[in-house]
Each structure stands twice: as C-alpha cells, then as structure tokens.
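Reader: I am new to this structure and would like to go through it by question and answer. Could you take me through its parts step by step?

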Amino acid sequence: MARAPEDASTREPYQPVAWRDGRLWLLDQTLLPAETRYIPLDTTEDAAEAITTMRVRGAPAIGVTAAYALAVAARTAPSGVAAAVEEAARRLGATRPTAVNLRWALDRVAARVAAAGSDEAARDVTLAEARAIHEEQHDADARMAELGAALFPEGSSVLTLCNTGPLATAGGGTALGVIVEAWRGGRLAEVLACETRPRLQGARLTAWELQQHDVPFRLIVEGAAASLMAAGRVDAVVTGADRVAANGDTANKIGTYMLAVLARHHGIPFYIVAPVSTLDPHTPDGASIPIEERDDGEVLRPGGADLAAPGARALNPAFDVTPAELIDAIVTEQGVLRAPYGPSIAAAIAAASPVGVEAAP
C-alpha cells in the first residue's frame, strides 16, 4: 500500500488527510479500492474540486480538509492574507451545502485569521487552527468509539450504510469507528455493510476500511435490509450524519431514512454517531436542511459504465433526513444523547464550547 506523506498523526494504517511541508495531501477516495494514491492540493481550486468530486468526503473529513485548504491559501498569498482566506472560505463553502462541518471549520479558522494582527500572524494561526481541528477530530472519534461500542450486546450483528471510518473523518471514524471498537471489544459477530448506491461508498470504501482493521463483514444491497431484519439477522443499525438539526432530525447519505423506518418497524435500535461539530443549533429541524442534488450521471453511469436505457433521466438526491423520533440515540464525544433531543443537543454543544462562545453553525 502506498503510504501517506509523514504527518504528526499516525494512529490509523492510512492517512486520509495529511499535512507536510506546507502542502495538503489527500488519499484520493475516488480511486479506492483499486488504487491507493495520495494527491497534493496546492490551491483553493484544487481543494474545491476534491470536495466537489468526492476525492474527499464525509462531513468531518471535508471540514478538516477545508481548514487545511485555508492554510494553503494563507501561505500562498504574498500579502492581504485575511482577504485571501476570506475569498478561499467563500469558494470552499459553496462546494457541498449539506455537510455542516464544512461551514463550521471555515468559520472557525476565519475567525482566528480576522483576529490576527499581521499577515505573518494570520498565516501562523490559520495552520495552527487547522491542526487543532484535525487533532480534536481524532480525540472526538476515540471518545465516540468508546461510548458507542458499549451500546451493543455481545454477539451483535450490526448493519451500517455509506462510509463512516477514518476516510470520512480524517480521525478514527464515527459509526465505523464505533464498529471497529466494538469488534475489538468482542461485542460484534458480524457487520452487514450496505453497498450504498449510487457511488458505492459501502462496497468501495467501507469494505476496504473493514479489511484494514480485520473486521469480518459481508456486503448487502440496500434492498436486502428489510428481509434480513425480518429474519432476525440485524441487532442494530448505526450510521453517521452530515448534519443534525437542533431538534435531532438528521441528514445523512440517501437511504438512511429508509433504514430508520425499517428498524423501527422491526424493533431494532437505530443509532447516529456524529461529533458535536455536526450538531447545528442554527437549523431548527430537518425541513430546514439543504439537500444536495448531484449529477444524474452518478445513477445512469456509475463508474463510467452506461447502465440505463439510452435517453433515461435520473433524480439523484445525495442525502435524506431521518426524523428525530426514529433515532434511539445520538452518540457524540460529549455523551450519548437521548430524546428529547432539543435539550440534550443544546447541552452537548454548550459543554463543548468555551465559556461565553456560541458554537459556530
């Protein structure tokens, strides 16, 4: 396997996001599992393209990448660093609207730059803040893995959707981090990983990550979930999130809502795992979450192969919203949140924020 450029963080067998000698490096997820290639992002446009085309994806990993991309913008600006960072943040903020971590990370770094007194200081604080966001994500993921793994009885068979491991967070992972920790603790018998149409993040990425961690799994098509639940072959469903509204409504990869409805019908617990940075107190409910619609070619020509009838059209929403009443718990680094989610989410955000500072949206 190709190795990432050396980085201060080496806690995973691969590095989805790495910083070295003033350059931002990504493990190009569009090439996995066939090829492991690290690519440099030397400009804001490089970073915007990588986020838009899903060379990097997963809400926390997008946030970490965007923060480092502002450091690139700061370092490459000969003068007027604050203005350069502001423009880079505007460009990056337009790439993917659903994942709240993107805007959260950009606002956090931009606030530090605005308070810097000189171009030199602005360059320093931009990189320092990006590194802090990355380090905090590692710490948050480790805590969520510990808390979430305790939810599973010994011998559980767990179903998951999309990809939520280190590739998705640049740390240890959210839902998949919980799964790996539960396996290491002897709690899991098997993982059922949905292929996750149309971009097959489950088949391409989750399967690859589970192999890296030696966790037993089998891939399933999303359409098999109902019958497997009815047959008693699923003990819990656990997914990540791209945005959690103030009332607990949660946006995640398309198909999550379907799994939550099925889990409730079959009496199976449904868990969300997401860091506090994914909780959005400024979005009151799921109806207020913008849902990204992507190019229909992802459905009609997955992997570049023409599968649909000539002239067919497709509708391709990238996310759906799971109502809070279908979620049994939201695992964060500040604890396992339970309904009513309004107060528990507010408390988690307050606990994670410095005194007197409101969490950024």
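Reader: In what order do the strands of the open sheet of four strands stand?

Author: This is a predicted model, in which local features need pLDDT of at least 70 and side-chain atom pairs count only at pLDDT 80 or more, while totals for chains, interfaces and linings use all residues. Residues are numbered from 1 along each chain as its sequence is written, and side-chain values use heavy atoms, with hydrogens and water left out. Strands (E, at least two residues) and helices (H or I, at least four) are DSSP runs numbered from the N terminus, and two strands pair if DSSP finds at least two bridges between them. With mixed pairing, the order of this open sheet is S11-S8-S9-S12.

Reader: Which strands stand at the edges of that sheet?

Author: An edge strand here has a single partner strand, so one of its sides is left without a neighbour in the sheet. S8 and S11 pair in the parallel sense over two bridges, and Val244 has Leu279 in S11 as its bridge partner. The strands at the edges are S11 and S12 (319-322).

Reader: Which residues of helix H12 are buried?

Author: Helix H12 (residues 341-352) has 12 residues and reaches 16 Å from its first C-alpha to its last, close to the 16 Å expected at 1.5 Å a residue, where the expected span is 1.5 Å times one less than the number of residues. Buried means under 20% relative accessible area, exposed over 50% and partly exposed in between, with a 1.4 Å probe and protein chains only. The buried residues of H12 are Tyr341, Ser344, Ile345, Ala348 and Ile349.

Reader: Within what arc do the buried residues of H12 fall, seen down its axis?

Author: The arc is that of the directions from the helix axis to the C-beta atoms. The face turned away from the buried side of H12 carries the exposed residues Pro343, Ala350 and Ala351, and what covers the buried residues, by contact (heavy atoms within 4.5 Å), includes strands S8 (243-245), S11 (279-280), S13 (329-332) and S14 (335-337). The buried residues of H12 line one face of the helix, because they fall within an arc of 135 degrees.

Reader: Which strands pair with S4?

Author: In strand S4 (residues 156-160), five of its five residues are buried; Ser156, Val158 and Thr160 point one way, and Ser157 and Leu159 the other way. Leu159 stands opposite Leu192 in S5, while its bridge partner in S7 is Val237. Five bridges join S4 in the parallel sense to S5 (residues 188-194), and two bridges join S4, also running parallel, to S7 (residues 236-239).

Reader: How many residues apart in sequence are the parts tied together by Trp19 and Tyr68?

Author: Aromatic rings of Phe, Tyr and Trp (its six-membered ring) pair if their centres lie within 6.5 Å, and planes under 30 degrees apart count as stacked, over 60 as edge-to-face and the rest as tilted. By this rule there are three aromatic pairs, and Trp19 and Tyr68 form a stacked one, at 5.5 Å centre to centre and 15 degrees between the planes. Because Trp19 lies in strand S1 (residues 17-20) and Tyr68 in helix H2 (residues 59-76), the pair ties together parts whose separation in sequence is 49 residues.
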